[in-house]
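Thanks for coming. I will go through one model today, starting with a term and then moving through helices, cavities, a pocket and a few single residues.

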Amino acid sequence: MRDRLFRWVLSHPVWVLLLAIGFVVTATMGAQKLVFKGDYRVFFSEENPQLTAYESMQKIYSKSDNVAFVIAPADGEVFTAESLEAIRQLTEEAWQIPYSTRVDSLSNYQHTVAEEDDLIVEDLVLEDAPLGLDQLEQIRQVATTEPQLVHKLVDPDGRVSVVNVTIQLPGKDPVTEGPEVATKVRQLAADFEAANPGSKVHLSGMVMMNVAFTEASLADNATLVPLMFGVVILAIGLLLRTVTGTVSTLVIIIASITSTMGLAGWSGLYLTGPSASAPTMILTLAVADCIHILTTMFYDMRHGSTKRDALMHSLKLNFQPILLTSVTTAIGFLSMNFSDSPPFHDLGNMVATGVMLAFVFSITLFPALLMLLPLRVQVRSEESTDLMDRIAGFVVKRRRALLPGMTAAIIGLSLFVPNNQLNDEFVKYFDPSVPFRAATDFMQENLSGMTNLEISIDSGRASGINDPVYLTMLDEFTRWLRTQPETDHVNSLSDTFKRLNMNMHGDDPSWYRLPDNQELAAQYLLLYEMSLPYGLDLNNQLNVDKSATRIIGTFKNVSSEEIIALESRIYDWLAENANYYEATVTSPSLMFSHIGQRNAYSMLLGTVAALLLISLLLGVALRSVRYGVLSLIPNLAPAAVGFGLWALWDGQVGLGLSVVVGMTLGIVVDDTVHFLSKYLHARDDKGLDAEQAVKYAFGSVGRALWITTLVLVAGFMMLAQSTFKFNADMGLLTAAIILLALIIDFLFLPPLLIKLDNLLSAKRYPTTGQAPEAVKTLPEVSTDAV
């Protein structure tokens, strides 16, 4: 069946080309259905408990998605007439931002004062009001002492201020809504800087983060994919020195990528930050099949075979190893379906599809192109395999030192793996050069972090928040939360009650405490709410029947471990001091923190399943349980050593790196399969002893392995240049593991094979230590080396 297929392909290359074009065009048409979703919510499945809690809280209280204008005046002083007027104007203009529902700033902060028996509620900075030194000092005094303002809308020294805009996106068209907001926001920031020379506006907030996800991914596709095409073309052209082979390989890459993306569109998938990197990975992986076919074909042609015969021999010889490596690579990527994050399901499925399409194209379209295009290979009497011969000789000669040395190195570096920490900081998903990251870092250094927790405490009855017992608990919790080392700011209704109580007692500071009567507290709150202007009500803190209130804590940009530890401390405090109230803690920061850790454990299960399936396939394909089990060592060792080195280099394993083992598992099998298949071919079919079989394997497949490894490493190193650190770290570690796989398969696997075979021969033939029929001649010249 296989040979009939190859004969038909080589006899009818035009038909193969036409059929391939028809399939690729039909599949690619689905790509127009692909849309990009930059919303951070795409990282969470609908069943995610943290997302469920967060969405429930968003339905009870007003939305908390926001844009933050972080303003640094030119003179470093917020409390000047010019700066405050500029902030006031920006506050008014911010209402024009699409989907804005609330704008909070120093200028429109609802300051309360008492005038005899009246409660006056008005903007802290009034329009057209004279701002002399006395007024400016009064505004400074209020802003830098009011708990709801300091570290939230202004820093204690009055150097930086924030205009915070609450955004409620409809969610009907996620492709355009976020960018629409960002366009208007950037225009306002540019206008502000133009009107206030020297002043700087930094843009942060959840909406800007969503847009940054989209822009970083689109920028990668616009720069990295073309760059990788250039790297692949250059590598193949220089290493194999063939225009036809390079062009044909490029066609296979393009066909694989466009078909995969089109099929993803037809299946209803959408692109996200992780899944948008699928073309980059498919581009890299599709090269390996073509290189193996080309190297064998060129060897035969250089020794006098016709193009057709050489191509037929190459297809027959490489079909099983290429099929096996494609299937194992696909299994590795399919293991990403164990991930708790849907974008990784899509990435795994898309790349697995691309890998299998690349396999189909490499045994059909690729040989058809080679038959149709002119291809001339100079016949040589000698082959340039000196490098592989030297490496093989070195490995065989130094095997007694290499085996324990490499074993010690593998085990030693693997021992560092537990030093990695399962941590995520979603702000650091972006390179410092990304404007959102730079703005958020500036806000952290000068005002507060972007990490927050929303804590809803339900009293269990209508108007229960006015109960003095509830208010006392709320105030104690607020004060406790402010003492935590991670805390920058806490927004709590208890501060409002204390300020109102003071106002209603003639602004006497001694009355800055909670009202001790429920009816009085309810009257204060009603009076205050009736005085608030439209858009600045208390819906962001109270539910409809006033049975629950939401406290929002803002914290330094801490790691996932620290935020989860803080969540645990919060629940512990509430269990000990307020166990009669129902409490919920949630936020996007907490969601990312939990999914990173949970994803690592779920991917561990997926990797084990993939490993068992791959080992079973190898055992069946190699017709040896022993070698199937043996393959586990060189297949696992690169990841273990890679993560050990990562512990020394960085030590932080987040959501992106948690899938690397599953990704690389199938890729590193490529080297092992090709080396083992040639080794067993020499042992079983040619009757060579272990040392000679190792030399044969190096000579026959070594060059193809290091060429494919070079291309793979170069490709993933391109991904490592991404400004989306999420992808950059994944690309860097993947490249390192692929390179380690080649090193281990060249320096560790051959001595291990020789040792194992010698031990088995010694047991089977205790007198001579070898099979009597073992051939002791030098291995014959490679049949598929370049």
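A helix here is a DSSP run of H or I with at least four residues, and helices are numbered from the N terminus. Please keep in mind that this is a predicted model.

With that, take α20. Just after this helix, Arg 623 has a positive phi of about 55°. The helix itself covers residues 588–621, which is 34 residues. At 1.5 Å a residue these should span 50 Å, and the end C-alpha atoms are 47 Å apart, so the two agree.

The next helix to look at is α22, residues 632–649. Its 18 residues should span 26 Å at 1.5 Å a residue, and its end C-alpha atoms are 26 Å apart, so there is agreement here as well. After α22 comes Gly 651, with a positive phi near 85°. Several residues of α22 are buried, including Pro 634, Pro 638, Phe 643, Gly 644 and Trp 646.

Is Gly 644 buried or exposed? Gly 644 counts as buried because its relative accessibility is 0%, and the cut-off for buried is under 20%. Leaving out residues up to four places away in sequence, Gly 644 touches Leu 413, Phe 416 and Val 417. Gly 644 and Arg 598 are 46 residues apart in sequence, and their C-alpha atoms are 21 Å apart in space.

Now to the empty space. Rolling a probe the size of a water molecule over the atoms shows where such space is left. How many cavities of 30 Å³ or more does the structure hold? There are five of them.

The largest cavity has a volume of about 860 Å³. Its lining consists of 43 residues, and those nearest its centre are Asp 104, Lys 152, Asn 164, Asn 491 and Asn 540. The elements that contribute two or more residues to this lining are β1 (66–72), β2, β5 (161–167), β8 (451–458), β9 and β10 (548–555). By class, the lining of the largest cavity divides into 16 nonpolar, 19 polar and eight charged residues.

The second largest cavity comes to about 120 Å³. Four helices, α9 (278–302), α10 (307–334), α11 (342–363) and α23 (660–685), each give at least two residues to its lining. Which of them supplies the largest share? That is α9, with four residues. Among the residues lining the second largest cavity are Leu 285, Asp 289, Thr 325, Val 355, Asp 670 and Leu 712. The class count for this lining is seven nonpolar, three polar and two charged.

Then there is the largest pocket, which holds about 710 Å³ of space. It is lined by 27 residues, and the closest to its centre are Asp 39, Arg 41, Val 42, Gly 171 and Pro 174. Helices α3 (49–60), α6 (174–195) and α7 (206–240) each supply at least two lining residues. The largest share, five residues, comes from α6. In the lining of this pocket 13 residues are nonpolar, six polar and eight charged.

Ser 492 is buried because its relative accessible area is 0%. Its side chain makes a polar contact of 3.0 Å with the side chain of Ser 494. Apart from neighbours within four places in sequence, Ser 492 is in contact with Gln 148, Leu 474, Thr 478, Gln 541 and Ile 551.

Next is Asp 507, in the loop between α17 and α18 (518–531). Asp 507 is not a glycine, yet its phi is positive, near 60°.

Last, Tyr 99 sits in the loop between α4 (81–93) and β2 (100–104). Tyr 99 also has a positive phi, about 65°, without being a glycine. At 28% relative accessibility, Tyr 99 counts as partly exposed.

That is the end of my list.

Key: Residues numbered from 1 in each chain as written. Predicted model: local features only at pLDDT ≥ 70, side-chain atom pairs only at ≥ 80, totals over all residues. Heavy atoms only, no water. Buried < 20%, exposed > 50% of the residue type's maximum accessible area, 1.4 Å probe, protein only. Polar contact = N/O pair within 3.5 Å; in protein donor to acceptor, adjacent residues only side chain to side chain. Contact = heavy atoms within 4.5 Å. 1 Å grid on protein atoms, 1.4 Å probe; cavity = no way out; pocket = protein on both sides within 12 Å on 5 of 7 lines; lining within 4 Å. Points joined across faces, edges and corners; volume = space filled by probe spheres on them. Nonpolar A, V, L, I, M, F, W, Y, C, P; charged D, E, K, R; others polar. Expected span 1.5 Å × (residues − 1).
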